[in-house]
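Please read the following note alongside the coordinates. The points go from the chain as a whole to individual contacts.

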Amino acid sequence: MQEQDSLGEAWERFQELLRSCPRQGFSPQRIVQIFYGGVSSHNRTSLVVACQGNLMMKPPAYVIKIIEDFPTSVMGYENHEEALMLHV
């Protein structure tokens, strides 16, 4: 992922990468781990806040839903932090 990518942009690029090559049986948990490890520290912080804690302890489907809904959940807010504070 590129450092300047928003969370939504990073997720889209990651999904394109997964579609372009065989997944080789990656579990949803492993997909979340790989994605989380590749995003910027700002996006990691946003994910932890959005998931209300350690996202590796959350069900992978829940984390993926948070990631997929994140871009729309912050629309209309000046920045991610403002949106996160209102959605926690």
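What percentage of the 88 residues in the chain do buried residues make up?

1. Buried residues account for 31% of the 88 residues in the chain, where buried means under 20% relative accessible area, exposed over 50%, and partly exposed in between, with a 1.4 Å probe and protein chains only. The structure is a predicted model, in which local features need pLDDT of at least 70 and side-chain atom pairs count only at pLDDT 80 or more, while totals for chains, interfaces and linings use all residues. Residues are numbered from 1 along each chain as its sequence is written, and side-chain values use heavy atoms, with hydrogens and water left out.

2. The chain contains 5 helices and 0 strands, helices being DSSP runs of H or I with at least four residues and strands runs of E with at least two, numbered from the N terminus. Along the sequence this reads as α-α-α-α-α. Of the contacts (heavy atoms within 4.5 Å) between residues at least 6 apart in sequence, 45% join residues at least 24 apart.

3. Helix 1 (residues 7–20) has 14 residues and spans 20 Å from first to last C-alpha, close to the 20 Å expected at 1.5 Å a residue, the expected span being 1.5 Å times one less than the number of residues. Its buried residues are Leu 7, Gly 8, Ala 10, Trp 11, Phe 14, Gln 15 and Leu 18. These cover an arc of only 160° around the axis, which puts them on the same side of helix 1, the arc being that of the directions from the helix axis to the C-beta atoms. Arg 19 and Ser 20, on the other side of helix 1, are exposed.

4. In helix 2 (residues 28–38), the residues Ile 31, Val 32 and Phe 35 are buried. Their arc around the axis is only 100°, which places them on the same side of helix 2.

5. The count of salt bridges, each a side-chain nitrogen of Lys or Arg within 4 Å of a carboxyl oxygen of Asp or Glu, comes to 1. It joins Asp 69 and Lys 65, whose closest N and O atoms are 2.8 Å apart. The two residues are 4 apart in helix 4, and are therefore separated by about one helical turn. Asp 69 is partly exposed at 32% relative accessible area, and Lys 65 is partly exposed at 47%.

6. Asn 54 is found in the loop between helix 3 (41–50) and helix 4 (60–73), and its relative accessibility of 45% makes it partly exposed. The side chain of Asn 54 reaches the backbone nitrogen of Met 56 at 2.9 Å.

Key: A polar contact is a pair of N or O atoms within 3.5 Å; within protein, one must be able to donate a hydrogen and the other to accept it, and residues adjacent in sequence count only if both atoms are side-chain atoms.
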